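Please work through the exercises below with the sequence and the coordinates open. Each task is followed by a solution in steps.

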Amino acid sequence: MADPNPARTFADPEDPIIAATVPDHYTPLLDGDPPAGENSRRPLKGFLVILSGLVLVGLLMALIGENGPSVSQDSQQNDLTLNAPAESTNISAQFLEPASRGPSAGVSEKSFRLHSGVRAPFPWSNTMLTWQRTGYHFQPEKNWMNDPNGPMFYGGWYHFFYQYNPDAAVWGNIVWGHAVSKDLIEWLHLPLAMVADQWYDTNGVWTGSATLLSDGQVIMLYTGATNESVQVQNLAYPADLSDPLLVDWVKYPGNPVLVPPPGIDDRDFRDPTTAWYWPDGKWRIAIGSKVNKTGISLVYNTEDFKKYELIEGVLHAVPGTGMWECVDLYPVSLKEDNGLDTSFNGPGVKHVLKASLDDDKNDYYAIGTYSLESGNWTPDNSNLDVGIGLRYDYGKFYASKTFYDQNKQRRILWGWIGETDGESADIKKGWASVQSIPRTVVFDKKTGTNILQWPVAEIKSLRKSSKKFDKLEVGPGSVVTLEVEKATQMDITAEFEIDKEALKRIGESDVEYSCGTSGGSAQRGELGPFGLLLLADEGRCEQTPVYFYVAKGTDGQLKTFFCTDESRSSLANDVDKRIFGSTVPVIKGEKLSMRILVDHSIIESFAQGGRTCITSRVYPTKAIYGAAQLYVFNNATSASITASIQTWAMKSAYIRPYSSHQES
């Protein structure tokens with residue numbers, strides 16, 4: 001039966017974006033009992049049969065594959081500040097594993113860390129906690145924040161929504177915060193966009209995505225946690241499209257528009273994607289889920305964003321990856337550096353599929369082909385499939401979301417950067433979590449196997465004074481002080497060249513190097529580690545090294561690793577201090593290069609133009625304010641390096657509260 005109040009009609013099915021109309025006014029949102037409408041549970045048809053085959057294939061695969069300015073130099077062949085972690089540092093920090101509040105609500109990383117009480121909280125002073133607040137990363141004025149939601153460019157403004165607890169600095173009472181910006185850097189906070197005021201979202205207004213129609217209409221789909229904690233999908237839209245700030249939002253009175261289908265657990269059905277247009281004249285969305293331990297993405301057809309049809313099969317499934325959250329699917333150009341609209345497909349295009357894995361709290365992506373014939377996505381390399389291959393970021397980075405910026409023809413990536421300190425500290429400081437600096441995403445044409453992520457160009461508007469350190473010779477076991485204006489709020493670029501003779505002499509290793517298990521910056525090798533010591537105090541009791549390590553593997557080939565070592569980042573005993581990183585592809589003729597954004601308690605690092613990225617949260621107790629210093633180091637045993645470094649002190653971004661009189 002046709003919907004008596006359709007949200008939209010199609011004017012030209014050949015239009016790739018689709019002409020669409022939406023009535024100016026909708027029926028006000030009403031309270032009511034859960035409806036039993038057309039979008040009730042329906043069979044998954046042949047999906048379970050297909051899934052059984054996928055699981056069998058996965059088991060077989062597992063069985064088969066088992067297995068200038070003034071500097072000072074301190075040349076010490078066995079620098080103890082690099083070679084041994086401080087006694088007060090607990091690198092493994094096993095007692096910091098969170099006792100999640102989330103399982104009862106069907107989430108985990110959306111809960112906060114709760115310590116077991118093995119050690120007393122560190123006695124943080126207000127001075128220390130005040131220093132931790134960032135200067136140019138987006139965060140609310142106070143309280144808890146997590147997933148980015150529904151980013152878009154509309155009415156001359158960049159809109160950013162986010163999961164928010166308006167009442168406390170811990171997870172809970174989740175609603176949608178809202179802010180707008182002209183440049184993605186300086187922000188105006190707006191009133192809450194949506195609150196948990198209906199039976200279908202009373203336990204949380206969770207993650208969602210925006211879809212812009214060609215006539216300017218805005219469709220927002222989001223997950224709600226019902227009064228029985230069932231995850232359902234809901235529709236919302238702006239109350240006034242003439243308002244460029246989109247301050248007021250209306251929830252569709254027929255919500256929920258989707259409920260978990262048979263075979264899917266009530267708490268494993270969340271995070272709808274931006275819709276893309278299909279050649280049959282309908283829109284499609286994907287939703288993350290799982291069956292047993294197989295992560296999947298379900299796909300639905302819709303014409304009006306009210307009624308949906310579940311497509312037989314799945315977009316993609318990977319055995320052993322668990323629940324897929326915050327699924328994202330988008331095209332990338334193989335030839336151009338510009339971004340593409342989410343609906344774009346055709347020659348010269350690949351599709352990135354990304355999932356946030358609830359089991360390990362990391363964001364994985366893979367590059368592949370999205371078939372218009374089958375409706376399935378297939379990875380280019382099954383060994384680099386979603387959840388078992390590449391990650392957006394090898395540090396603290398989760399629940400990310402992209403959007404197509406039609407204003408500048410680019411794809412922008414947001415990521416949630418959670419805290420890794422104690423809950424008591426966050427309650428005391430009154431806030432928790434930041435968002436990453438927005439990143440552009442393009443296909444890496446040189447490697448053909450990964451994407452490149454890079455901070456948006458607008459971040460350069462915050463650069464102030466600059467210093468250059470050209471061709472510094474740094475011998476084995478050396479640490480060089482870099483005299484900079486402000487080591488706690490910086491933008492840094494650095495290039496490194498290894499002594500060519502040392503490259504020729506390197507011997508073959510019988511052990512594969514790993515950032516996380518090979519001793520961090522304290523583990524000395526012939527060709528590394530070398531890089532920068534960030535947020536270090538004068539005695540280097542506290543320091544956060546970001547570095548390269550070059551090793552010859554058991555196959556005789558040189559591999560380059562990019563790592564961040566948090567093991568000495570703080571003397572506090574109640575913060576998580578890990579060693580992050582991965583390999584980074586280096587094309588013949590390229591210098592080793594990194595870019596680092598330092599902003600108080602967050603460090604974002606990008607190697608080789610953004611092929612490998614690492615985000616860290618660090619909580620120094622001594623290396624704060626004017627006591628923080630910057631060093632370049634080389635802890636290799638035999639190779640010298642030449643470093644060229646440029647630094648910029650960074651201004652703070654202007655992030656201001658909302659006033660009804662301030663709309664420009």
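The exercises concern a predicted model and treat confidence, a sheet, salt bridges and one glutamate in turn.

**Exercise 1. Confidence along the chain**

Solution. 
Step 1. The chain averages a pLDDT of 86, and 81% of its residues reach 70 or more.

**Exercise 2. Salt bridges between separate parts of the sequence**

Task: For the pairs Arg270–Glu325, Asp393–Arg439 and Glu590–Arg611, decide what each salt bridge ties together and whether its residues are buried or partly exposed, taking under 20% relative accessible area as buried.

Solution. 
Step 1. The structure holds 30 salt bridges. In one of them, the closest N and O atoms of Arg270 and Glu325 are 2.9 Å apart. Arg270 belongs to the loop between β9 and β10 (276–277) and Glu325 to strand β15 (residues 324–333), so the pair connects parts 55 residues apart in sequence.
Step 2. Arg270 has a relative accessible area of 0% and is therefore buried; Glu325, at 1%, is buried as well.
Step 3. Asp393 and Arg439 meet through their side chains at 3.0 Å, N to O. Because Asp393 sits in the loop between β19 (390–391) and β20 (398–405) and Arg439 in strand β24 (residues 439–443), this bridge ties together parts 46 residues apart in sequence.
Step 4. Asp393 is buried at 0% relative accessible area, and Arg439 is buried at 0%.
Step 5. Glu590 and Arg611 form a salt bridge of 2.9 Å, N to O. Glu590 is in the loop between β32 (579–583) and β33 (592–599), and Arg611 is in the loop between β34 (602–607) and β35 (612–617), so the linked parts are 21 residues apart in sequence.
Step 6. With 24% relative accessibility, Glu590 is partly exposed, whereas Arg611, at 8%, is buried.

**Exercise 3. The surroundings of Glu419**

Task: Place Glu419 in the fold, and list polar partners of its side chain.

Solution. 
Step 1. Glu419 is located in the loop between β21 (410–417) and α4 (423–429).
Step 2. Its relative accessible area is 4%, and Glu419 is therefore buried.
Step 3. The Glu419 side chain makes a polar contact of 3.3 Å with the side chain of Lys429. A polar atom of the Glu419 side chain also lies 2.7 Å from the backbone nitrogen of Ser433.
Step 4. Salt bridges with shared partners join Glu419, Asp421, Asp426, Lys429 and Arg617 into one network.

Note on methods: Residues are numbered from 1 along each chain as its sequence is written. This is a predicted model: local features need pLDDT of at least 70, side-chain atom pairs count only at pLDDT 80 or more; totals for chains, interfaces and linings use all residues. Side-chain values use heavy atoms; hydrogens and water are left out. Helices (H or I, at least four residues) and strands (E, at least two) are DSSP runs, numbered from the N terminus. Buried means under 20% relative accessible area, exposed over 50%, partly exposed in between (1.4 Å probe, protein chains only). A polar contact is a pair of N or O atoms within 3.5 Å; within protein, one must be able to donate a hydrogen and the other to accept it, and residues adjacent in sequence count only if both atoms are side-chain atoms. pLDDT is the predictor's confidence in each residue, from 0 to 100. A salt bridge is a side-chain nitrogen of Lys or Arg within 4 Å of a carboxyl oxygen of Asp or Glu.
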